[in-house]
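Thanks for coming. I will go through one structure today, a few places at a time, and give the cut-offs as the terms come up.

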Amino acid sequence: MAGTLVLSVALLRFGHVWFSPVPALLVLALGASLWIYRLLRQTHKQAQSDALTGLANRTRFDQALDQELRMARRSGQPLSLLVMDIDHFKQLNDSQGHAAGDAALKALGRILRSRARRPRDLVARLGGDEFAVLLPETSAQAAATIATTLHVDLANLGRKPHGTNAGSAPPFTASIGIHTHMTGDDAGPEDVFDRADAALYRAKQTGRNRSVSHTGEPAPVGTSATRV
């Protein structure tokens, strides 16, 4: 922009030609605005994404859970949440190395995205080996079916040869906790998450590599969960 002004003044002073800088300045300003807008969007997206898997991070998940819970209350539709982690992930990391651990995290992320494809479905890595899948307008039965499908996907992944390339994931399983928010329940976002997390704890307590659904009102961990 400064160069355009200098050129205009120089042409007027030395060439006695008037070149209006306004159109050029407007074009440059528009281009700069679009570039800044794209940069801000990219920065915002990166701030809400997990660097390793490309999934939503905990910040984005918390925002989405709060938003979807409000929408579920207004619409009367169920809202299901799956919370999971990889079984014995520390042991996998220690025995096979961090590269194998990272490959397992990426593989789980890909599987989750393949089963949560609707526009409002959200898959997030909450931290470490803990993941969440937010499923708006999804019944408890449908959520349990999705969880079962995820176990099948992981079993099929485990049958593939490992070690053929540096990015291949070792065989692993996952434990899944499920909670479905229903009409009339005034639970907040933290309560909804805690119920799914309690179900995950129960799944790990009872042997791992399984799904457990939280049912009924909040209760001490391990007393209000039923096996899917």
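I start with A64, which counts as buried because its relative accessible area is 6%. Buried means under 20% relative accessible area, exposed means over 50%, and partly exposed is in between, with a 1.4 Å probe and protein chains only. A64 sits in helix 3, residues 58–75. Helices (H or I, at least four residues) and strands (E, at least two) are DSSP runs, numbered from the N terminus. The C-alpha atom of A64 is 7.8 Å from that of L122, and these two residues are 58 residues apart along the chain.

Some background on the model. This is a predicted model, in which local features need pLDDT of at least 70 and side-chain atom pairs count only at pLDDT 80 or more, while totals for chains, interfaces and linings use all residues. Residues are numbered from 1 along each chain as its sequence is written, and side-chain values use heavy atoms, with hydrogens and water left out.

Next, T138. This residue is in the loop between strand 3 (130–136) and helix 6 (140–159). Is T138 buried or exposed? T138 is buried, at a relative accessible area of 5%. A polar atom of its side chain lies 3.0 Å from the backbone oxygen of P136, and the backbone oxygen of L135 lies 3.3 Å from a polar atom of the T138 side chain.

Helix 6 also holds H151. With a relative accessible area of 15%, H151 is buried. Which side chain does H151 join in a polar contact of 2.6 Å? The partner is S211. A polar contact is a pair of N or O atoms within 3.5 Å; within protein, one must be able to donate a hydrogen and the other to accept it, and residues adjacent in sequence count only if both atoms are side-chain atoms.

Now the surface. K106, R110, R113 and K160 form a positive patch. Patches take residues with over 30% relative accessible area and no salt bridge, joining like charges within 9 Å and nonpolar side chains (Val, Leu, Ile, Met, Phe, Trp, Tyr) within 5 Å. A salt bridge is a side-chain nitrogen of Lys or Arg within 4 Å of a carboxyl oxygen of Asp or Glu. K106 belongs to helix 5, residues 98–115, and counts as partly exposed at 37% relative accessibility.

Last, a negative surface patch consists of D186, E190, D191, D194 and D197. D186 lies in the loop between strand 4 (174–181) and helix 7 (189–205). D186 counts as exposed because its relative accessibility is 71%.

How values were computed
Areas by Shrake-Rupley, 256 points an atom, 1.4 Å probe, with all protein chains shown as cover. Lys, Arg positive; Asp, Glu negative; His and termini not counted. Charge placed at Lys NZ, Arg CZ, Asp CG, Glu CD.
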